[in-house]
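Me: I'd like to go through this one and check what the labels rest on. Can you take my questions one at a time?

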Amino acid sequence: MDQTAAMDTDIKVKRNIFIGNLSYSANSESLIQAMSKFGTVIEADVLTRRDGKSKGCGVVKFANEAAAQKAITEGQEMEIEGRPVFIREDRKSFEEYSAEAKGFTIY
C-alpha cells in the first residue's frame with residue numbers, strides 16, 4: 001500500500017465509530033436514527049455472526065471526522081433501544097468487516 005492510500009484509509013477510519021453493548025434487536029436503521037444527531041451518517045451496520053445473529057455491536061460511518069468525534073465525546077451516556085452503549089473510534093474499515101464476515105482475513 002502506498003503512502004497516499006494509507007493516508008486515505010486513515011482518514012476513512014477516523015470517520016468511523018464502533019458501538020458496543022447493542023441490543024440484539026438493534027439494526028442499521030436504529031443506529032442511523034440514534035447517531036444522526038451528531039452529524040450526517042453515511043453508513044451504519046450491525047455486525048453479525050455467520051448465522052446472521054447480531055454480535056451486539058456495530059459500526060457507523062459519518063460524513064466527516066468532526067461528527068465522529070462528537071459522537072464519541074457526547075454519546076458516552078446514551079442508550080440505544082434501552083441499553084447503555086459504549087462508543088469509541090473504530091480501528092477497522094468497513095471493507096475489513098465485510099471481508100471478515102465472508103471468512104477472509106485482511107493483513
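Me: What share of the 107 residues of the protein chain counts as buried?
Reply: This is a predicted model, to start with. In it, 37% of the 107 residues count as buried.

Me: And what pattern does the chain follow along the sequence?
Reply: It reads α-β-α-β-β-α-β-β-β-α, with four helices and six strands.

Me: How many aromatic pairs does a search of the whole structure find?
Reply: The search turns up one aromatic pair. The partners are phenylalanine 18 and phenylalanine 86, whose ring centres are 6.1 Å apart. The cut-off for pairing is 6.5 Å between centres, so 6.1 Å qualifies.

Me: Why is the pair of phenylalanine 18 and phenylalanine 86 called tilted?
Reply: Planes under 30 degrees apart would be stacked and those over 60 edge-to-face, with the rest tilted. These two planes are at 40°, so the pair is tilted.

Me: Why does phenylalanine 18 count as buried, and what does phenylalanine 86 count as?
Reply: Buried means under 20% relative accessible area. Phenylalanine 18 has 11%, so it counts as buried. Phenylalanine 86 has 41%, which falls between the 20% and 50% limits, so it counts as partly exposed.

Me: How do you know that arginine 88 lies over the face of phenylalanine 18?
Reply: Arginine 88 is 4.3 Å from the ring centre. The distance limit is 6 Å, and the charge must also be within 35 degrees of the ring normal. Arginine 88 is listed as lying over the face of phenylalanine 18.

Me: Why is glycine 58 called buried?
Reply: Its relative accessible area is 0%, and the limit is under 20%, so glycine 58 is buried. Glycine 58 belongs to strand S3 (residues 54–62). Leaving aside neighbours within four places in sequence, its contacts include Ile17, Phe18 and Ile19, along with Val46 and Leu47.

Me: What puts the buried residues of helix H3 on the same side?
Reply: Helix H3 (residues 65–74) has Ala67, Ala68, Ala71 and Ile72 as its buried residues. They cover an arc of only 140° around the axis, so they are on the same side of H3. The face turned away from that buried side carries the exposed residues Ala66, Thr73 and Glu74.

Me: What makes asparagine 64 a cap for H3?
Reply: A side-chain oxygen of asparagine 64 lies 3.2 Å from the backbone nitrogen of alanine 66, at the N-terminal end of H3.

Conventions: Residues numbered from 1 in each chain as written. Predicted model: local features only at pLDDT ≥ 70, side-chain atom pairs only at ≥ 80, totals over all residues. Heavy atoms only, no water. Helix = DSSP H or I, 4+ residues; strand = E, 2+ residues; numbered from the N terminus. Buried < 20%, exposed > 50% of the residue type's maximum accessible area, 1.4 Å probe, protein only. Phe/Tyr/Trp six-rings, centres within 6.5 Å; stacked < 30°, edge-to-face > 60°. Contact = heavy atoms within 4.5 Å. Arc of directions from axis to C-beta. Polar contact = N/O pair within 3.5 Å; in protein donor to acceptor, adjacent residues only side chain to side chain.
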